[in-house]
Structures are given as structure tokens and as C-alpha cells.
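Take a look at the model below.

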Amino acid sequence: MGLKKEIVAMLLAGGQGTRLQILTKKMAKPAVPFGGKYKIIDFPLSNCVNSGISTVGVLTQFMPLELNSYIGNGSPWDLDRMDGGLSILPPYTGGEGDWYKGTSNAIYQNMKYIEQYDPEYVLILSGDHIYKMNYNDMLKFHKNNNADLTIAHIDVPIEEASRFGILNTLNDLSVSDFVEKPKEPISTKASMGIYIFNWKELQKYLTKCENLEGTNYDFGKDIIPMMLKDKKKIFAYPFYGYWKDVGTIESLWQANMDLLHNVGQFNIHDPLWRIYCRHYESMPQYIGNTAELKNSMISEGTTIKGKVVESVLSSGVYVEEGAEIYNSVIMKNAYIGKNARVYNSIIAEEAIIEDSSEVGHKKIESGKDMITVVGNRNVVGKGVLVKK
């Protein structure tokens, strides 16, 4: 039996992330690199620590090896604690265990983990969003409204609304309607996939959902509609900061570019709200006398002899003399050869762009899938032109 906690966080990090294509072929989406030195999962984990939440269960499933080894015992996020701290919760088979069938089933299978802390509240998080958020403020909102469930929401453009769970609210911010990924959205208020439940209510509805016929084992499709039908007190917590669902190549690329252009809106350098990550020892960066840099993020251990403009480079990247990189994300230990050109692209870890090659579109049109991706350890041969 663990020490009683007011709130326990459950971080859903098992997603396959098929829309990230080759980047998630061999790793879970939350393990995808971001912003030069981070991984996507660093953001919700750092939010937990900065919000004073010290008991976090991380639910893994798809290709968990890299994610599990990265998280380790949670020490980079100050979550290596004797009581509570960070626990990795993979699915198990045998007995009553099974692979996670959906978001609510993943929590259902780990109810014993939650029960040992006897919490008042459970915070459900997704492991694939980029944002900074004080969950304490949301918890205060939840308590003040005496809610059974609070859903964090953000306003999205109407053309994007069908990608999300969309809700309607009354004047007091209580939720009157909720539809998961509607073809014709009822509003632009999108669920962020961040929920605070009263633990006793969550227990009840998780069990109820498991015993239903035709269930999707999903919070948006099952649990929330059931609670609305039962007239439970559901409130919408409005969030006005930066938030990006980086589930597509375009959104992942855009979120990296936002680090360069929207510093005021999304500042990862804020000393009062640090983004923690596992730090690997690297040599200092080397900027050669032929290098030219403009508005870019350059991590330690990089060697730059060419031109880098409006780009994000991870550690160990090597840019040869005469190479030019524009509006691109270059991941760990990638190599860009002499006189190579890289435009509007994501170059994954340990990829090689050989001399005089050209990758990507010089200009991209909004609304079109035009970001070029070169996968992990892939090689673009000498003088080869790659657009997609």
C-alpha cells in the first residue's frame, strides 16, 4: 500500500502514431525527438513535475524499448522516488491481463496501481502533445465546480475541428454535448485529451464500460457520453496557451518551426517552467569559419561548416562545407554532405544526405502535405533529388 496521494497522473504513451509514417515505424510516438534535445514525452512529464504531481504512471504498448530506456527510473524529471514517483506500466498477458484495447481499457487494466495510492483525483494525459500547462490550476477549477469530470479544451479552427473530440458548454462552462471526431462539428471547442476525474466516479465508469457490448474502450467514445447521459457534473476547463497535437508530419514540423518564430507564445527557455529531459553527454558544438547561421536552434555536439537558416538541429549533426539547410528539422547524428541542399524537411536520426543531393521543396503551400521526410539511417545517394 502506497502513501495516500491527492492526485495520481496516468500518461497514455502507447500510441503507434501511424500518421508520423516512417518516424514511428520502430518507436512509439512519445519517443519521437523534438526541439533539438527533447522527446515529445518530456512535455507532459515536465508539466507534472512543475505542477507538483509526483506520482505518474506511464502506460506503454507499441514499440516501447526506446521510450522505456529513455524514461528509465524518472530521475531527469525528479520522479525517482521511493513512494510514488514514475512507474512504467506495460500491458501484460496471462490471468486477466491483455493488450490495451483503448484508452479507457488501458486505465482499467491499471486500476490496482491507482488504488494503492487511494487518490481523490486521477489526471489522464496523452504522451504526444507539445504544451506547457499548470495542472494545479485545472485541479482548483475542478474542485471549485465540485465536478465529477473536468475536460481541458482549446479553441481550434473549424476546418480542424473534426480531428478532435468537440464539446458544447453552457454559460457556467458545464458540458452539455460531446462528440468524438464529428464530421460536422457542433463547435470549435476541442478536447485536449486532458481529464481530471474523481477517482470513485472513474472506477465506476471504467468497470461499466468493460461490461458493455460494442464498446470502443475509449474515453471520448464511451466514458464521457455515458457520464453525460447519467447527468454527471462535467466541466470544460479553457486553456489559452500554446498546444500542438504533433500526430502528423506537418504538425511536428510546424511545432519545431514555432520554437523559432513564436518564442513569446511558446518559450521553452522559461526558467520558472523548465522542460526537463534525459541529458546525454556531448562534445561542445563546433561552428567552422565557413559556417553561416540564422535564427536556428543548434544543440551540443554539432559540427557546422555550411549554411543553416531557420532550422532545428539535434546533437551530433554534421553539416559539411557548402551544404545549405532551410526551414528543416535535423535529428540526432544525421550527416549532411558537401554542397547538399535541404529544404522544408525532417531528416531523422543517423540519416545520411550525401554530397550534392537535394531534399525537399524550396517552397511549400499551406494546406498541402509538402514536408519531406528521410527516415532513420536512410541514405540519400550522391546527387540524388528527393521531393517526397
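**Cysteines, a helix and a pocket**

Cys48 is buried, at a relative accessible area of 0%. Buried means under 20% relative accessible area, exposed over 50%, and partly exposed in between, with a 1.4 Å probe and protein chains only. Cys209 is buried too, at 0% relative accessibility.

This is a predicted model: local features need pLDDT of at least 70, side-chain atom pairs count only at pLDDT 80 or more, and totals for chains, interfaces and linings use all residues. Residues are numbered from 1 along each chain as its sequence is written, and side-chain values use heavy atoms, without hydrogens and water.

How many disulfides does a search of the whole structure find? The search finds 0. A disulfide here is a pair of cysteine sulfur atoms within 2.5 Å. For Cys48, the closest cysteine sulfur is in Cys277, 16 Å away, so the two are too far apart for a bond.

Now turn to helix 8, residues 249-261. Helices (H or I, at least four residues) and strands (E, at least two) are DSSP runs, numbered from the N terminus. Helix 8 has 13 residues and reaches 18 Å from its first C-alpha to its last, close to the 18 Å expected at 1.5 Å a residue. The expected span is 1.5 Å times one less than the number of residues. Helix 8 is mostly covered, with 10 of its 13 residues buried. Among them are Trp253, Asn256 and Asp258.

Next comes Asp128. This residue sits in the loop between strand 6 (121-126) and strand 7 (129-131). Asp128 counts as buried because its relative accessibility is 12%. Its side chain makes polar contacts with the side chains of Lys29, at 2.9 Å, and Ser126, at 2.4 Å. A polar contact is a pair of N or O atoms within 3.5 Å; within protein, one must be able to donate a hydrogen and the other to accept it, and residues adjacent in sequence count only if both atoms are side-chain atoms.

A pocket is an open set of points on a 1 Å grid over the protein atoms alone, with protein on both sides within 12 Å along at least five of seven lines; lining residues have an atom within 4 Å of a point. The largest pocket holds about 1100 Å³ of space. Its lining has 42 residues, and Thr103, Ser126, Asp128, Lys181 and Asp218 lie nearest its centre. Strand 11 gives the most to this lining, with 4 residues.

Methods:
On a 1 Å grid over the protein atoms alone, a cavity is a set of points where a 1.4 Å probe fits but cannot get out, and a pocket is an open set with protein on both sides within 12 Å along at least five of seven lines; lining residues have an atom within 4 Å of a point. Grid points are joined across faces, edges and corners, and a volume is the space filled by probe spheres set on the points.
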